[in-house]
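Let's talk through the charged pairs in this one. Have a look first, then we'll go question by question.

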Amino acid sequence: MKKIKHIIEIEEYQSFDELESQDFKLLEKAQLACKSAYAPYSQFRVGASVLLENGVIVSGNNQENAAYPSGLCAERVAMYYASANYPNIPMLAIAIAVESDEVKFTKPLAPCGSCRQVMAEYEHLYQLKMRVILSEPEGRVQIINGVSDLLPFTFNATELKGL
Ligand code: THU
């Protein structure tokens, strides 16, 4: 038996002002997107913005439904919109913002497992690391430079082929 350690690297910022201008711009778009989230059931509004290799930024927000499981997270709304409208254009970064009248955030919002899996799909497809920018309303930010740091031991198309 041997033990394998998996070390991940996270950049931490205390305020948006410390960010590089491209990350700042992307996060601003995500913040704007979360304002128009459709979240009448949770009141937990999330916005996500994806930066494409051609410079285009697309945004999405969470879309809830009276039949709860039919709703979708902001990250997947944004990534699926990007893939549907800009097929074959790599996604370089995704910024995520959150807002709630009820929740007091103590740390940046970490995306759910299903959204990480979808990020991993596109990262694998384009063979390019996707920068994941997490935030909370007070301005604290965490940046993970690649989805494999968020979702190690990923299942992707390589496993399907048994490689
Ligand atoms: N949600 C997101 O949109 N993204 C996340 O990363 C976590 C959760 C949404 C789903 C649901 O509409 C609400 O937040 C509460 O879970």
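Q: Are Arg45 and Glu99 buried or exposed?
A: Quick ground rules: this is a predicted model, where local features need pLDDT of at least 70, side-chain atom pairs count only at pLDDT 80 or more, and totals for chains, interfaces and linings use all residues. Residues are numbered from 1 along each chain as its sequence is written, and side-chain values use heavy atoms, with hydrogens and water left out. Buried means under 20% relative accessible area, exposed over 50%, and partly exposed in between (1.4 Å probe, protein chains only). Both Arg45 and Glu99 come out buried.

Q: How far apart are the closest N and O atoms of Arg45 and Glu99?
A: The two form a salt bridge, meaning a side-chain nitrogen of Lys or Arg within 4 Å of a carboxyl oxygen of Asp or Glu. For this pair the closest N and O atoms are apart by 3.0 Å.

Q: Why does Glu136 count as buried?
A: Glu136 forms a salt bridge with Arg140 at 3.1 Å. Arg140 counts as partly exposed because its relative accessibility is 28%. Glu136 counts as buried because its own relative accessibility is 1%.
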